[in-house]
Amino acid sequence: MEKKITMPLTADKTKDLRAGDNVLISGVIYTGRDAAHKRLCELLAEGKALPIDVKDSIIYYVGPAPAKPGQVIGSAGPTTSYRMDAYAPALLDLGLKGMIGKGKRSPEVIEAMKRNGAVYFGAIGGAGALLAKCIKKAEVVCYEDLGAEAVRRLEVENLPAVVIIDSQGNNLYEDGRKAYLAVEK
């Protein structure tokens, strides 16, 4: 089933999403990879405010390629999510409701997702040029010195993703594999 999500991503919206749901995301989301996440969590450890409001937001784990003339952004495919696992629980506890990336998540991240009613979306690696077409505006918000890994504010329209782990902890990577193996028998 395909569901349309308009930001902000509130707890009322996440509770209705299930592992395996196809979604189209529209509105403002942020980008961030491991270097930016480390800086954000260092600010938290120092008791300082973050340069972005993560409450009811989504962070897309992407380091986009430079935009060609006439483009908003270059290729924008997801990066491997486990590199953010050390930092994600702190941001989830601040109200982050969604993450977009690829690959598995740690048990600690899944527990933080369940505790905070958050979801993990998967985007298709290798489809960065197609995903970039859904990005209507992109601007660096902070950490410009990180280049592609700077935090960006994106305005997206119908960005396709799949719910990999829902707010109850159901995991498509595990459940999908079990379903496939059951059919094979």
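A salt bridge here is a side-chain nitrogen of Lys or Arg within 4 Å of a carboxyl oxygen of Asp or Glu. The model on screen is predicted, and by this rule the count comes to 13 salt bridges.

**Stop one.** Select aspartate 34 and arginine 83. The two form a salt bridge, with 3.4 Å between the closest N and O atoms. Aspartate 34 sits in helix H2 (residues 34-45), while arginine 83 belongs to the loop between strand E3 (58-60) and helix H3 (88-93), so the pair ties together parts that are 49 residues apart in sequence. Show the surface next: aspartate 34 is partly exposed, at a relative accessible area of 24%, and arginine 83 is partly exposed as well, at 28%.

**Stop two.** Move to helix H4 (residues 107-116) and select glutamate 111 and lysine 114, which both lie in this helix, three residues apart, about one turn. Their closest N and O atoms are 3.1 Å apart, and the pair forms a salt bridge. Glutamate 111 is partly exposed, with a relative accessible area of 42%; for lysine 114, also partly exposed, the value is 38%.

**Stop three.** Select arginine 153 and glutamate 155. This salt bridge has its closest N and O atoms 2.9 Å apart. Arginine 153 counts as partly exposed at 23% relative accessibility, and glutamate 155 is partly exposed with a relative accessible area of 28%.

Terms used:
Residues numbered from 1 in each chain as written. Predicted model: local features only at pLDDT ≥ 70, side-chain atom pairs only at ≥ 80, totals over all residues. Heavy atoms only, no water. Helix = DSSP H or I, 4+ residues; strand = E, 2+ residues; numbered from the N terminus. Buried < 20%, exposed > 50% of the residue type's maximum accessible area, 1.4 Å probe, protein only.
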